[in-house]
Amino acid sequence: MSNHRKSLSLAAIATIGLSLSSAAFAQSGRDYVYIVGSSTVYPFATVVAERFGRGSEFKTPKVESTGSGGGLKLFCDGVGVDYPDVANSSRAIKQSEVDSCAANGVTEIVEVKIGYDGIVFANAIQAETMTLSRADIFLALAKEVPGKAEGELIENPYQTWADVNPDLPAIKIEVLGPPPTSGTRDAFVELAMEGGCKATPWIAALKSSDKNRYKAICHTIREDGRFVEAGENDNLIVQKLQANPDAFGIFGFSFLDQNMEKVKGSLIDGVEPTFDAIADGEYPVSRPLYFYAKKAHVDVIPGLRGFLREFTSERAWGEEGYLSDRGLIPMPDAERKQVATAVRDLTPLSMAAE
Amino acid sequence: MPRRRRKEFTFKLLGMVATAIGIVFLGLFFASLIAEGTSAFKQTFLKLDIELSEDVLAPDGELDLAYADFDGLVRTALRAEIPEASGRRDRRELYRIVSVGAAYQLRDLIAQNPDLLGTTQSLWVPASSNVDMLIKGNIDANIEEALRPLSDKQIGWVRQLQDQGRLESRFNRALFTNGDSREPELAGIKGAVMGSVYMLLVTMALSFPIGVAAAIYLEEFAPRNRWSDLIEVNINNLAAVPSIVFGLLGLAVFINWAALPRAAPLVGGLVLTLLTLPVIIIASRAAIKAVPPSIREAALGLGASQTQVVFHHVLPLALPGMLTGAIIGMSRALGESAPLLMIGMVAFIVDVPGSLTDPATALPVQIFLWADSPERAFAERTSAAIIVLLGFLLVMNLTAVILRKRMERKW
């Protein structure tokens, strides 16, 4: 028995030794592109990564889903094979992130805008289609809403959509949406809620006088159970909407696109969330998607240049490219051309303008 | 007396109701899983007569696999099958019937057997996931055209191909032999399974010897005092710590401090080792405790040293119990996803990992990723992956039970 034990522990030691040595080896070079970032961009970045990996002599890039903020943090941690080459983001990079990048030696960042994503306010297909304004959405979902007197805020008293706006049906307000950690939530709050919030003149005036208060009013969602945080899984929200025709859900356009026979998007400010309306910029709740690449890694990490080219090729992000099949809304021709040129020349981002 | 009887009866009834509720929920869970998941083990294939034309693949006499137009060959074959699809729009719709995997399949075929160049082959290639969903009845052909992912024309072509016997539902081998993919019809769990296997190897190699050694020391050699009590309390506490905490620890220690690569099975295995160690130590100590003191006393009485007693007598008798504990620990590790989220394993990885430091995912993480994918065909694949995971867990737990039954000694 003691022999047995000895060989077991020997095996264990051998395993550790082996793995450590191979780990040391892995640090010395990386032969695949390493991408991190937004879970909204993830479905698009992965498709490009897969097509690129299968269609070229390079390995398939690794795409990690970390969220926009987490991804940019990893991205900005430094230059070298241990750090990601590309960070996906469902919002533009912030000045603070550019600064932290620069502090770690990541100075030349190439910004690539890849297209748009619409955020839809949807309900079950068998329910009535709603026509909402952004102000309706704000009044229905904000924690505090403007009272009768100017400058007065009251705890949100609205229980049904008819309370918000007499033209709307008298059904209970029940909205399923993503949690605060989600980029979709950020964008929804910024575009839909804030857009509706500004409709009240005295709140809009606060923007210049008391920015914090303005944000607190416009960005805070009610917590009395009318808005339900349904987690990051958009498929789950679609299922719940089917089960409850009175409920509404907030999710990305690609999920509406894939589930057209189960859910439908409400008209916001009179515009239906369709591919064309989002591409034209008519639909108000849409946001640009980005990724950021490290210039210092191009031609050091095998395949990075090719990956950038694949992502910005017409067959990927074009009007009829494979990304549009997945629900990415392409940019107008001129803008695509401009970004593609910038990517080819690896023009770094300059934040001086801000 | 009747009151006591009544009380006993109520209590028994409550117990039965509780058990029944448990069984009903378990049954519902399995039924929904199987109802949804089994269809993923089949996939619709399309038979195409593809001319592997030299003019298309090697226009300047040289075949370059990376750039050869295999897509073009598939499209030509498809057009030959459905000649009435003319015009750019129609053709684009037609091409969506077949999976992009068809071109990869052709490329692999030519790579293996370059002699086929210039011949015409009759091949079964995967249909696109939407066609697959239509055949499986997950897309309703009777609803309004704008509401479904397939147009009336596409459905017409699919029916036509079906009538010609060119469409067939076959076993979905890709599910077991491919890595992850964003095309549902090409996505497989092999990458995730291999990732899990590598992780469990690391976990087993580390946690079993360390756990058993710790248990032997604590039971047989350690003096009983305040320190050993403190250690014991801590081990028991560790066993109940939420697993995400171990992930955070792994992120701080193994990745940030020891600079091991993110998303590597090695790091995953180390984190899962931390997670399973307390379980194994506790089970091993219980197994050692169950060895009757008379055996130790007899051995000591015959002049054996303490070490000899442990290794010649106690350990062999306690081993079945220890192994059971280890297997149960392993099956917990297999089902864990939370700590892996922290160390970068929530990633899209197509290549099947070949070593401990290659990027990898694990089965539970793969399930998590698929559950969140917008394409509807991933729903059934998610269930199928869960069925496979449950299968593995069942086998491991059964092994533990059989080991215990076989090797257990009654005193």
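1. Helix H9 (residues 190-221) of chain B and helix H12 (residues 265-289) of chain B cross in a right-handed sense; a crossing is right-handed if the near helix is turned clockwise from the far one by less than a right angle, and left-handed if anticlockwise. Two packed helices are described by the angle between their axes and the distance between the axes. For H9(B) and H12(B) the angle is about 35° and the axes are 6 Å apart. Axes here are lines fitted to C-alpha atoms, for helices over the stretch in contact, and angles run from 0 to 180 degrees between N-to-C directions. The residues in this contact comprise 19 nonpolar, 9 polar and 4 charged. Ala, Val, Leu, Ile, Met, Phe, Trp, Tyr, Cys and Pro count as nonpolar, Asp, Glu, Lys and Arg as charged, and the others, Gly among them, as polar.

2. On the basis of the note: the model is predicted, local features need pLDDT of at least 70, side-chain atom pairs count only at pLDDT 80 or more, and totals for chains, interfaces and linings use all residues. Residues are numbered from 1 along each chain as its sequence is written, chains are lettered from A and ligands numbered from 1 in the order in which they are written, and side-chain values use heavy atoms, with hydrogens and water left out.

3. Chain A has 16 helices and 13 strands, where helices (H or I, at least four residues) and strands (E, at least two) are DSSP runs numbered from the N terminus. The C-alpha trace of chain A spans about 80 × 60 × 45 Å along its principal axes. Of the 354 residues in chain A, 52% are buried; buried means under 20% relative accessible area, exposed over 50%, and partly exposed in between (1.4 Å probe, protein chains only). Among contacts in chain A with a separation of 6 or more, 72% are between residues 24 or more positions apart; contact means heavy atoms within 4.5 Å.

4. Which residues touch the most other members of the largest nonpolar core? They are Phe121(A), Trp161(A), Phe251(A) and Leu323(A), in a core of 140 residues. A nonpolar core is a set of buried Ala, Val, Leu, Ile, Met, Phe, Trp, Tyr and Cys residues joined through side-chain atoms within 4.5 Å. Helix H17 (residues 377-407) of chain B supplies the largest share of this core, 9 residues. A second, separate core has 37 residues, including Leu52(B), Tyr95(B), Ala103(B) and Leu106(B).

5. Leaving aside neighbours within four places in sequence, Phe251(A) is in contact with residues including Ile119(A), Thr184(A), Asp234(A), Leu256(A) and Val263(A). Thr184(A) belongs to helix H7 (residues 183-197) of chain A and is buried at 11% relative accessible area.

6. Helix H5 (residues 101-112) of chain B has 12 residues and reaches 17 Å from its first C-alpha to its last, close to the 16 Å expected at 1.5 Å a residue; the expected span is 1.5 Å times one less than the number of residues. Its buried residues are Gly101(B), Ala102(B), Ala103(B), Tyr104(B), Leu106(B), Arg107(B) and Ile110(B). They pack against helix H2 (42-55) of chain A, and in chain B against strand S1 (42-51), helix H2 (54-57), helix H3 (70-81) and strand S2 (120-126).

7. Most residues other than glycine have a negative phi. Asp269(A) has a positive phi, near 50°, and sits in the loop between strand S12 (267-268) and helix H12 (275-279) of chain A. Asp269(A) is partly exposed, at 36% relative accessibility. Leu346(A) also has a positive phi, about 55°, in the segment after helix H16 (333-345) of chain A. Is Leu346(A) buried or exposed? Leu346(A) is buried, at 9% relative accessibility.

8. Ser266(A) lies in the loop between strand S11 (263-265) and S12 of chain A and is buried at 0% relative accessibility. Beyond four places in sequence, Ser266(A) is in contact with residues including Phe121(A), Met130(A), Phe248(A) and Pro273(A). Thr131(A), in strand S5 (residues 131-132) of chain A, is partly exposed at 46% relative accessible area. Not counting residues up to four places away, Thr131(A) touches Asp136(A), Leu168(A), Leu267(A) and Gly270(A).
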